[in-house]
Amino acid sequence: MNKSDFYKLYIPALIKALLNEDNWEQFNVRSPEHFLNLPEQKIIEVEKYLDKVAGKNKFLDSVAYYFDAKSHGFDKINGVKIEIFRNNLEDKILKYKKKYEID
């Protein structure tokens, strides 16, 4: 899976995950992967891509940190208030939407 195809699938799922944040219960956080409405094979491809870039992609690592922090009830990530961290993620999402022409 190439980067463009990945983001066209992942960004909408990430947005859905963030929009459903109010429905989370601590330790029951639903990551973007939960919101992929795709055939099983495509989900596997997305997960493989995530594994491949883990630790090498600052944006996707930030997404993982955010969801991990939320699941543990942390109010900061690396000293940054979680609300500000989320706002930064939202800014990056907008950039990726524009870059990869995602509606």
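Of the 29 residues in the largest nonpolar core of this predicted model, Tyr7, Leu14, Phe59 and Leu60 touch the most other members. A nonpolar core is a set of buried Ala, Val, Leu, Ile, Met, Phe, Trp, Tyr and Cys residues joined through side-chain atoms within 4.5 Å; buried means under 20% relative accessible area, exposed over 50%, and partly exposed in between (1.4 Å probe, protein chains only). Two or more residues of this core are given by each of H1, H2, H3 and H4, and the largest share, 8 residues, comes from H1. Helices (H or I, at least four residues) and strands (E, at least two) are DSSP runs numbered from the N terminus.

The model is predicted: local features need pLDDT of at least 70 and side-chain atom pairs count only at pLDDT 80 or more, whereas totals for chains, interfaces and linings use all residues. Residues are numbered from 1 along each chain as its sequence is written, and side-chain values use heavy atoms, with hydrogens and water left out.

Helix H3 (residues 58–72) has 15 residues and spans 21 Å from its first C-alpha to its last, close to the expected 21 Å, which is 1.5 Å times one less than the number of residues. At the start of H3, a side-chain oxygen of Asn57 comes to within 3.1 Å of the backbone nitrogen of Phe59. Gly73, with a positive phi near 75°, follows the helix.

Buried residues of H3 include Phe59, Leu60, Asp61, Tyr66 and Phe67. The buried residues of this helix pack against helix H1 (3–19), helix H2 (40–53), strand E1 (76–77) and helix H4 (82–99). With contact defined as heavy atoms within 4.5 Å, and neighbours within four places in sequence left aside, Leu60 is in contact with Phe6, Tyr7, Tyr10, Tyr49, Leu50 and Val53.

Asp61, also in H3, is buried but has no salt bridge, that is, a side-chain nitrogen of Lys or Arg within 4 Å of a carboxyl oxygen of Asp or Glu. The nearest side chain of opposite charge is that of Lys58, 9.6 Å away; Lys and Arg count as positive and Asp and Glu as negative, with His and the chain ends not counted. Not counting residues up to four places away in sequence, Asp61 touches Val53, Ala54, Gly55 and Lys56.

Arg86 lies in helix H4 and counts as buried because its relative accessibility is 19%. Leaving aside neighbours within four places in sequence, Arg86 is in contact with Leu18, Glu21 and Tyr66. The side chains of Arg86 and Glu90 are joined by a polar contact of 2.7 Å (a pair of N or O atoms within 3.5 Å; within protein, one must be able to donate a hydrogen and the other to accept it, and residues adjacent in sequence count only if both atoms are side-chain atoms).
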